[in-house]
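This report describes the fold of a single protein chain, working from the overall sheet to individual residues. The sequence and the model are shown first.

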Amino acid sequence: MLRKLARFFFLIVFSMGYVHSAPKGVEYFQSTTWTKFQSELPKPHIVVFSTTDCGHCPDVVLEISKAIKAGGKKVYLSVVVMDGLSHLDYLLSAPHYLVADKVFAFDGQANAIRHAVNPSWRGLTPYVALIPSRGEVDFILGNPSKNKILNLQKY
């Protein structure tokens, strides 16, 4: 029993090592939010679109967080959870969401929201938007390469 408690404590402490600025709450992400993101979010910024049942998304978020830290320059990280409204408590407790600067949940018609982000996005996750300080947003399905993240940090 003591060993199980020690392992649980180790996992908690280990996962907290990734936390750099835990989100204070879940914000709503609506069809008009993406336009505001591009003008109001601090940059450079990485936005990961996810779902709570996405098997690869937690690892992608954690790997992006590690790559940001390894690069040494501030890149902001947000996670937008497409089915997040029905899992609000989970969004504020899961270690892979705690590494994000902000956590958002879709609020509204999912197809309209996805179309507002990128008309060619078909809803597959993880869907990652790399937003540089200046220039075009780069959309990637899956995990972006460390080089892409490091290049984002140059600006």
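## Model and confidence

The structure is a predicted model. The protein chain has a mean pLDDT of 85, and 85% of its residues reach 70 or more. Residues 1-20 have a pLDDT below 50, and this stretch makes 16 contacts in the model beyond near neighbours in sequence. Where pLDDT is low, the predicted coordinates should not be read in detail.

Six strands make up an open sheet of mixed pairing, in the order 1-4-3-2-5-6. Strand 1 and strand 6 are the edge strands, each pairing on one side only. From one strand to the next, the twist averages 25°. Helix 6 packs on this sheet and touches strand 1, strand 2, strand 4 and strand 6. The direction of helix 6 makes about 130° with that of strand 4.

Strand 2 and strand 5 run antiparallel and are joined by five bridges. Within this pair, Phe 49 has Tyr 127 of strand 5 as its bridge partner. Strand 5 and strand 6 also run antiparallel, with four bridges between them; here Val 128 is partnered by Ile 140 in strand 6. The hairpin of strand 5 and strand 6 has six residues between the strands, and in it Gly 135 adopts a positive phi near 105°.

Helix 2 spans residues 33-40, and its buried residues are Thr 33, Trp 34 and Phe 37. These residues lie on the same side of helix 2 because they cover an arc of only 100° around the axis. The face turned away from that buried side carries the exposed residues Thr 35, Ser 39 and Glu 40. The cover over the buried residues of helix 2 includes strand 1 (26-29), strand 2 (45-50), strand 4 (102-106), helix 6 (110-117), strand 5 (127-131) and strand 6 (138-141).

In helix 6, the buried residues include Ile 113, Arg 114 and Val 117. They cover an arc of only 95° around the axis, so they fall on the same side of helix 6. Among the elements covering the buried residues of helix 6 are strand 1, helix 2, strand 2, strand 4 and strand 6.

## Nonpolar cores

The largest nonpolar core has 24 residues, of which Ile 46, Val 48, Ile 64, Ile 68, Leu 77, Tyr 97 and Val 128 touch the most other members. Two or more residues come from each of strand 2, helix 3 (57-71), strand 3 (76-81), strand 4, strand 5 and helix 7 (146-153). Helix 3 gives the most to this core, with six residues. Leaving aside residues up to four places away in sequence, Val 48 touches Val 61, Ile 64, Leu 77, Ser 78, Val 79, Val 80, Pro 126, Tyr 127 and Val 128.

A second, separate core holds 17 residues, including Phe 29, Leu 41, Met 82 and Phe 106.

Met 82 is located in the loop between strand 3 and helix 4 (88-91). Met 82 counts as buried because its relative accessibility is 16%, and the cut-off for burial is under 20%. Not counting residues up to four places away in sequence, Met 82 touches Ser 50, Thr 51, Phe 106, Arg 114, Trp 121, Gly 123 and Thr 125. Met 82 and Asp 107 are 25 residues apart along the chain, and their C-alpha atoms are separated by 8.3 Å.

Ser 50 belongs to strand 2 and is buried, with a relative accessible area of 1%. With residues up to four places away in sequence again left out, Ser 50 touches Cys 57, Val 79, Val 80, Val 81, Met 82, Tyr 97 and Thr 125.

## Cis peptide bonds

The peptide bond from Lys 43 to Pro 44 is cis, with omega near 0°. Pro 44 sits in the loop between helix 2 and strand 2.

A cis bond, with omega near 0°, also leads from Thr 125 to Pro 126. Pro 126 is in the loop between helix 6 and strand 5, and is one of the residues that Val 48 touches.

Notes:
Residues numbered from 1 in each chain as written. Predicted model: local features only at pLDDT ≥ 70, side-chain atom pairs only at ≥ 80, totals over all residues. Heavy atoms only, no water. Buried < 20%, exposed > 50% of the residue type's maximum accessible area, 1.4 Å probe, protein only. Arc of directions from axis to C-beta. Contact = heavy atoms within 4.5 Å. Pairing = 2+ DSSP bridges. Axes fitted to C-alpha atoms, helices over the stretch in contact; angles between N-to-C directions. Core = buried A, V, L, I, M, F, W, Y, C linked by side-chain atoms within 4.5 Å. pLDDT = per-residue confidence, 0-100.
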